[in-house]
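Visitor: I have a structure to look at and would like to learn how to read it. Could you take me through it feature by feature?

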Amino acid sequence: MRSYRTLFRTPEFTPFLFSFAAVAAAQTIGGLALGTLVFRATGSPFLSAVSMFGPQLAQLLGGAFLLSGADRLPPRALLSALALAFAAGTAVLALPGLPVWAVFAVVLLQGLVASLGGGVRGGLLNEILTKDGYVLGRSVYNMLWGLTQMAGFATGGALLALLSPRTCLLLAAALYVVSALVTRLGLTARPPRSSGRPSFSATWRTNALLWSSRPRRLTYLGLWIPNGLIVGSDSLYVSYAPEAAGTLYAFGALGMFVGDMVVGRLVPPALRPRLATPLRLLLAVPYLFFVLRPGVALSAVAVTVASVGFAASLVLQERLMSLTPDDLAGQALGLHATGMAAMQGVGAVLAGTLAQLTSPATAMTLIAAGSVTVTLTLAALGRHDKRQRAVPGTHPGVPGTHPGVPGTHPGVPGTHPGVLSEPTTTD
């Protein structure tokens with residue numbers, strides 16, 4: 001599947017996108033409003049950054065205990081319930097006089113609930129589309145996220161000039177309700193992808209299986225850490241340029257849109273795996289120039305160029321799916337989403353702390369340098385593994401069995417030996 005026309009003729013793909021667009025718009029408008037509300041109340045870059053991205057840290061707990069629900073619960077019902085839960089939580093955040101500690105308590109609960117969303121959507125997209133259409137469909141999904149962020153942050157910035165942050169939060173809550181309605185009316189009721197009840201133990205067992213393969217581990221780390229650190233830099237826009245934060249977020253979304261369009265539609269499949277490292281470096285290097293404290297115009301250019309590098313996630317998601325059995329796709333993508341969200345929260349906390357001790361510009365530069373270092377380290381580890389596999393008689397890290405994890409022994413039903421083997425990966 002290499003054309004947008006064929007993609008949009010796929011049943012349910014369009015309502016799936018509309019539902020996600022409403023959630024994305026709610027997140028961008030609500031996040032900007034909440035960050036502005038907290039910054040106005042406290043004057044703290046740290047608390048402002050954590051209010052926008054810190055809740056994602058809570059997804060780490062959800063990913064550790066709740067992710068089995070991504071494959072073991074009906075996707076349509078679960079997505080509708082998640083949207084309504086976010087609507088309720090966002091409406092609570094709009095209550096006048098809500099103390100800062102209560103704000104963080106609500107967003108912590110939202111983060112726990114959100115841990116299921118990425119896995120459910122990723123697994124459902126994998127069912128809606130054929131295998132050859134997944135990358136193109138995922139690129140459109142990511143492009144929509146970029147476009148919605150662009151429109152959402154631009155609209156959110158304009159709304160904040162006209163309305164109070166609490167009113168903007170109520171608008172975000174209404175968008176979550178719209179997403180729930182589109183999901184309920186536009187998608188087919190599907191059974192769970194895997195049998196059994198969701199449980200803490202099932203989540204742990206499957207996470208252990210997913211983590212048991214060295215290529216998957218390196219892929220997950222490549223998806224999580226460079227991305228998470230740069231989102232930490234992004235979390236400082238409000239304190240770096242309080243009157244132009246919405247503009248910087250919008251230009252960042254534009255860069256992300258361009259990157260996903262080029263990689264998903266124009267880059268040949270054979271070339272995509274080679275772009276993982278260059279794109280991750282592109283994601284970080286422009287932020288090194290913030291040491292010069294550029295004005296809004298130059299900052300917008302740097303942010304736009306850097307955000308093209310977010311397309312590295314598209315390349316690495318394709319790699320992750322090639323390494324993962326179909327019946328674990330939801331939890332595999334959920335582990336990716338929650339791990340990435342948690343690292344983005346870590347990045348926001350780290351960036352906010354550095355900004356509090358130094359300045360937003362210095363913090364952004366230091367975080368970018370850390371992202372470059374991690375990317376180069378992971379690329380070196382990947383090349384080392386490739387050289388070892390090329391030596392006869394060596395095959396490091398083969399995940400053939402995993403003691404204590406059901407269904408991982410050769411010959412036992414439920415194994416996927418062809419998928420769990422270690423293909424050559426190239427950065």
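Predicted model: local features only at pLDDT ≥ 70, side-chain atom pairs only at ≥ 80, totals over all residues.

Visitor: How is a pair of aromatic rings described?

Guide: Such a pair is described by the distance of the centres and the angle of the planes. In this structure there are 10 aromatic pairs. One of them joins Phe20 and Tyr141, whose ring centres lie 4.1 Å apart with 20° between the planes, and this pair is stacked. Phe20 belongs to helix 2 (residues 13-42) and Tyr141 to helix 9 (residues 134-162), so the pair ties together parts that are 121 residues apart in sequence.

Visitor: Are Phe20 and Tyr141 buried or exposed?

Guide: Phe20 and Tyr141 are both buried.

Visitor: What can be said of the rings of Tyr287 and Phe290?

Guide: Their centres are 5.5 Å apart and their planes stand at 20°, so this pair is stacked; planes under 30 degrees apart count as stacked. Tyr287 is buried, and Phe290 is buried as well.

Visitor: Now the chain as a whole: how many helices and strands does the secondary structure come to?

Guide: The protein chain has 20 helices and 0 strands. Of its 427 residues, 57% are buried. Among the contacts between residues at least 6 apart in sequence, 85% join residues at least 24 apart.

Visitor: With helices in view, how do the axes of helix 12 and helix 17 cross?

Guide: A reader can take the angle between the axes, then the hand of the crossing, and then the residues that meet. The axes of helix 12 (residues 214-234) and helix 17 (residues 312-322) come within 10 Å and cross at roughly 160°. Because angles over 145 degrees count as roughly antiparallel, helix 12 is roughly antiparallel to helix 17. The crossing of helix 12 past helix 17 is left-handed.

Visitor: Which residues make the contact of helix 12 and helix 17?

Guide: From helix 12 come Arg216, Thr219, Tyr220, Gly222, Leu223 and Asn227, while helix 17 brings Ser313, Leu316, Gln317, Arg319 and Leu320. By class, the residues of this contact of helix 12 with helix 17 divide into 4 nonpolar, 5 polar and 2 charged.

Visitor: At what angle do helix 8 and helix 18 pack?

Guide: Helix 8 (residues 117-128) and helix 18 (residues 329-357) pack at an angle of about 135°, and their axes are 7 Å apart. That angle makes helix 8 oblique to helix 18, and the crossing of the two is right-handed. On the side of helix 8 the residues are Gly118, Gly119, Gly122, Gly123 and Asn126, and in helix 18 they meet Ala329, Gly330, Leu333, Gly334 and Ala337. The contact of helix 8 with helix 18 has 3 nonpolar, 7 polar and no charged residues, a division in which Gly counts as polar.

Visitor: Let us turn to the backbone. What is the phi of Glu12?

Guide: The phi of Glu12 is near 75°, which is a positive value in a residue other than glycine. Glu12 has its place in the loop between helix 1 (4-8) and helix 2, and with a relative accessible area of 16% this residue is buried. A further case is Arg293, which is not a glycine either and has a positive phi of about 55°. Arg293 is placed in the loop between helix 15 (276-284) and helix 16 (296-308), and its relative accessible area of 48% makes Arg293 partly exposed.

Notes: Residues numbered from 1 in each chain as written. Heavy atoms only, no water. Phe/Tyr/Trp six-rings, centres within 6.5 Å; stacked < 30°, edge-to-face > 60°. Helix = DSSP H or I, 4+ residues; strand = E, 2+ residues; numbered from the N terminus. Buried < 20%, exposed > 50% of the residue type's maximum accessible area, 1.4 Å probe, protein only. Axes fitted to C-alpha atoms, helices over the stretch in contact; angles between N-to-C directions. Parallel < 35°, antiparallel > 145°, perpendicular 65-115°, else oblique. Left-handed = near helix turned anticlockwise from the far one by under 90°. Contact = heavy atoms within 4.5 Å.
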